[in-house]
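Good morning. Please have a look at the structure on the screen, and then I will go through it.

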Amino acid sequence: MGPNLLANYGEAVAAILFCIGFTNLLLQTNLIKKIIGLNVMDSAIYLFLAEKGYIAGRVAPIVVNGVTSTEAYINPIPSGLVLTGIVVSVSVTALMLSLTIRLYTRYHTLDLDEISAQLKKEGK
Amino acid sequence: MSKKRPESEYQKTFAFHFFRWLSGSKDPYLGEVEMHPQKEYQIDPEAALRHEKEHDAILDKVYDPKRNMGMKLFHKLYHATSIIFCLFLIALLLVTISWLPATGTVNRPVNNEVAERYIEKGLEETGAVNIVAGMILDYRAFDTLGESHVLFTATITVLILLRLNKTEKNEAELSDRRFEPKNDAILQLVATFLVPIIIIFGIYVILNGHLGPGGGFSGGAVIGAGLVLYLNAFGFKKTERFFTEKTYKWICFFSLSFYCLAKSYSFYTGANQLHSIIPKGTPGAILSSGLILPLNIAVGLVVACTIYAFYAMFRKGGF
Amino acid sequence: MNFICNFPFFSILLSLFSGTVCSVLPAKAAKVVNRVVIITVGVMSTILLLYLLSTGEAFVYWMGHFPAPWGNEIRAGVLEAGMALFFCIIMYLSMAGGAHKLYGEVVESKHSLYYILVNLLLSSLLALVYTNDMFTAYVFVEINTISACGLIMIRQVGRTIEAAVRYMIMSLLGSGLLLFGLCIMYDLTGHLLMSNIKESVGQLVTSGEYQIPLIVSIALMCIGLCIKSALFPFHAWLPDAYGYSTVSSAAILSSLVSKGYIFLLIKIIYRVIGFDIFNSTRIIDVLFVFGLMGMIFGSISAIRENDIRRMIAFSSVAQIGYIYMGFGMGTQAGMVASVFHILSHAATKSLLFIAAIGLTDVSGGSRKFIDLTGAAYRNKWAGAAFTAGSLSMVGVPLFSGFISKLLFSQAAVQVEGKMLASLIVLGISTVLNAIYFMKTVIRIYTPFSETGYSGITFKDMKGYCIVLVCFIVLNVILGVSSQPIVDMIEQGLAMFA
């Protein structure tokens with residue numbers, strides 16, 4: 001273990017959430033739970049980024065009263081990356097949900113393994 | 001030292017018959033076994049049906065996850081391994097994080113000349129009071145251009161998956177009407193009050209994107225939510241008066257084209273060191289910061305329509 | 001700055017913009033726009049390639065008004081321009097070769113959506129090729145993934161939708177890992193532009209700071225891209241996705257989409273981490289082992305398959321294994337072989353998919369081998385093309401596959417410790433390739449008169465036959481005049497560093 005685990009407790013939480021989301025997305029068989037896992041994973045990354053931009057005692061990077069010194073504001077780059085990332089994850093979630101709707105109307109189940117079994121049974 | 005046997009005696013031995021059979025010169029059954037002409041095979045419809053049913057039953061059993069012992073065992077192992085896998089991944093990342101630079105401090109690689117310039121010169125170079133907006137729509141605008149196209153691509157894929165053709169659409173419409181709370185007085189009253197406020201708030205967030213927290217995406221999402229509420233309260237009949245698939249298509253087209261062309265102009269002038277004719281304006285005024293305000297409006301329109309389109313698609317596969 | 005330097009930017013924006021334009025056009029017009037855009041981008045890439053060969057220097061293009069560490073930029077060298085040109089050629093031929101199937105397999109009203117996706121896919125591939133910024137790369141990786149998913153499920157049968165779900169899940173895991181690795185890398189270096197990250201990484205390695213996070217970040221990015229490009233243990237989605245989607249999609253997916261991710265990985269290795277630093281980590285050994293396993297297990301699965309499209313799809317797993325084996329060798333020669341194999345595999349695999357569709361069409365639409373007996377007599381052009389593709393895959397001289405195998409063996413001889421393993425597996429894999437491809441070739445050339453299926457001749461499908469001839473010519477060009485191409489790859493890789 002390195003020296004900064006306690007100082008980086010926010011990132012540690014993000015890492016744990018990331019792993020939980022990752023495992024859910026990889027190993028759950030229920031499609032909705034998979035999508036929840038995906039969102040947990042993405043949000044964990046945004047938490048990580050937000051933590052990375054933070055500097056103790058400084059405020060959000062919106063210029064107030066014309067003060068443009070670096071001492072006043074936190075790092076704006078991670079915030080920008082989070083904004084971009086959120087749009088990506090919204091799009092991906094919408095796509096996954098519509099795939100789920102399509103599969104559900106056709107096979108009446110959300111379990112991916114059951115769907116595979118039915119497909120094999122159809123033999124096509 | 002064998003003695004030579006006469007032919008007649010040899011013909012009675014087993015060896016003689018065996019070799020004759022082997023060489024194929026005599027069929028042992030010829031003339032011995034009575035042969036009937038074979039009846040043509042008749043398919044018994046009942047039996048065929050039974051066979052088919054049995055076949056289906058076997059298939060059901062084979063592919064039934066509950067009966068399959070291997071699958072059951074596999075599932076148990078699966079749970080165990082997935083937990084171990086998750087814990088291993090957590091341990092690995094925790095070790096990594098413990099070696100990262102400490103959060104909240106100033107002396108980190110992240111706080112370098114890049115962030116410094118964004119903060120110190122951002123207002124002057126982009127004209128945006130909100131430094132993050134200035135960063136994503138001017139310094140690193142190519143990312144944001146890609147990002148809005150991610151949303152566009154996702155909409156196209158959702159359309160491919162869920163858009164119905166005409167005949168299916170009528171059926172879907174009929175079944176959808178059952179769920180529609182047509183005359184829910186409370187919902188309608190609340191919506192009459194709330195929807196304008198929500199939409200005005202969304203417009204404020206979009207227009208204020210370069211001056212404070214907000215921007216195209218968040219404002220667009222708010223407006224989209226307002227539209228979804230309106231749809232739920234009053235139904236598709238009312239929304240179709242001002243919002244159909246055609247409207248959606250053209251709004252998306254114009255906003256994204258404007259986005260693309262405006263940014264192309266800005267990239268082109270930037271890379272070729274040409275003078276850009278877009279004025280920066282006075283920082284802090286609503287009409288300032290060059291392209292950021294129009295871009296925010298374009299993104300806001302696209303996002304609002306997209307959110308509404310997602311909802312309509314998910315609900316009944318059309319507008 | 002020379003006007004030609006604008007071309008990478010023009011090609012990305014043109015294809016992106018054409019996606020938007022196609023959304024309001026009817027299907028026929030969208031098709032024309034799609035073709036025109038691909039040709040235009042191809043022409044621009046050719047001019048750019050010639051220009052770069054004459055100047056011999058890569059250049060950086062600002063995307064905006066701000067220079068390196070602040071703004072966003074793209075970069076073009078010989079390898080990038082060559083790749084862009086090659087991608088355009090393959091994409092055009094795949095679209096042209098599969099156009100007639102699109103009408104049967106995709107609902108009429110969704111054709112224009114298909115062309116939108118193809119345009120967006122092209123733009124994301126170009127952006128992946130040209131970008132010089134890690135976060136831009138991530139955003140365009142997502143566009144690539146989503147549009148590839150759309151291409152898979154545009155033909156809506158149960159299998160393709162299930163395959164699309166599996167593809168999305170694997171891809172999203174890959175993107176998650178890539179993004180996390182990227183964030184850690186950003187935290188360590190404070191930059192997002194590739195050249196600046198490389199500088200900082202060099203400093204970190206010499207000073208010995210942050211060793212563990214650095215390695216983990218590199219590993220996360222590599223694994224993420226490996227998952228996305230279907231390296232051996234992560235290939236479960238691949239056979240259904242390639243086997244049941246409409247044929248243009250299958251050809252584009254197998255030859256371009258996975259190659260885009262691999263090209264990004266090469267870029268990361270050279271331009272973000274640094275070739276020598278990457279080779280000093282253990283990650284290349286892992287890539288090497290998985291590459292070898294992929295070569296064998298992919299071929300074995302292909303042998304067991306009874307469906308021609310799925311067989312070709314499994315063969316892709318083996319070929320991706322070759323490419324990662326080249327990465328794993330950790331030498332310049334291995335890298336050159338891998339890049340050449342990207343070209344060779346892309347040219348051959350799309351040829352095989354397009355030819356296979358001609359064979360199944362004259363066999364009543366069945367993909368089972370038993371029904372394909374004698375199919376090459378009913379469609380002589382597809383039969384010949386499939387044979388050419390198979391010979392190339394097996395590695396017969398005159399075709400491109402031979403050169404890539406030759407380069408791989410030459411590279412393997414120079415590596416101590418990995419020589420024996422790579423040569424043995426290369427041999428085994430070649431034999432396995434020969435088994436399943438020659439089996440298919442013999443099957444389609446087995447005379448079989450009693451069929452109710454009618455054959456087709458050149459007159460019936462002129463466009464299709466011309467596409468097949470173009471593919472064969474492309475393969476032979478890669479196989480015969482390989483030396484200039486290999487030189488170009490070497491020059492391009494030198495420009496990377």
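Predicted model: local features only at pLDDT ≥ 70, side-chain atom pairs only at ≥ 80, totals over all residues.

Residues are numbered from 1 along each chain as its sequence is written, and chains are lettered from A in the order in which they are written.

The C-alpha trace of chain C spans about 75 × 55 × 45 Å along its principal axes.

Now the contacts. Two residues are in contact if their C-beta atoms, placed from the backbone, lie within 7 Å. Between chains B and C, 43 residues of chain B meet 49 residues of chain C. On the chain B side, H7(B) gives the largest share, 14 residues. That side has 24 nonpolar, 12 polar and 7 charged residues. Here Ala, Val, Leu, Ile, Met, Phe, Trp, Tyr, Cys and Pro are nonpolar, Asp, Glu, Lys and Arg charged, and the others, Gly among them, polar. Helices are DSSP runs of H or I with at least four residues, numbered from the N terminus.

Chain B also touches chain A, with 53 residues from chain B and 51 from chain A. Which helix supplies the largest share of the chain B side here? H4(B) does, with 11 residues. By class, this side divides into 39 nonpolar, 9 polar and 5 charged.

Notes
Helix = DSSP H or I, 4+ residues; strand = E, 2+ residues; numbered from the N terminus.
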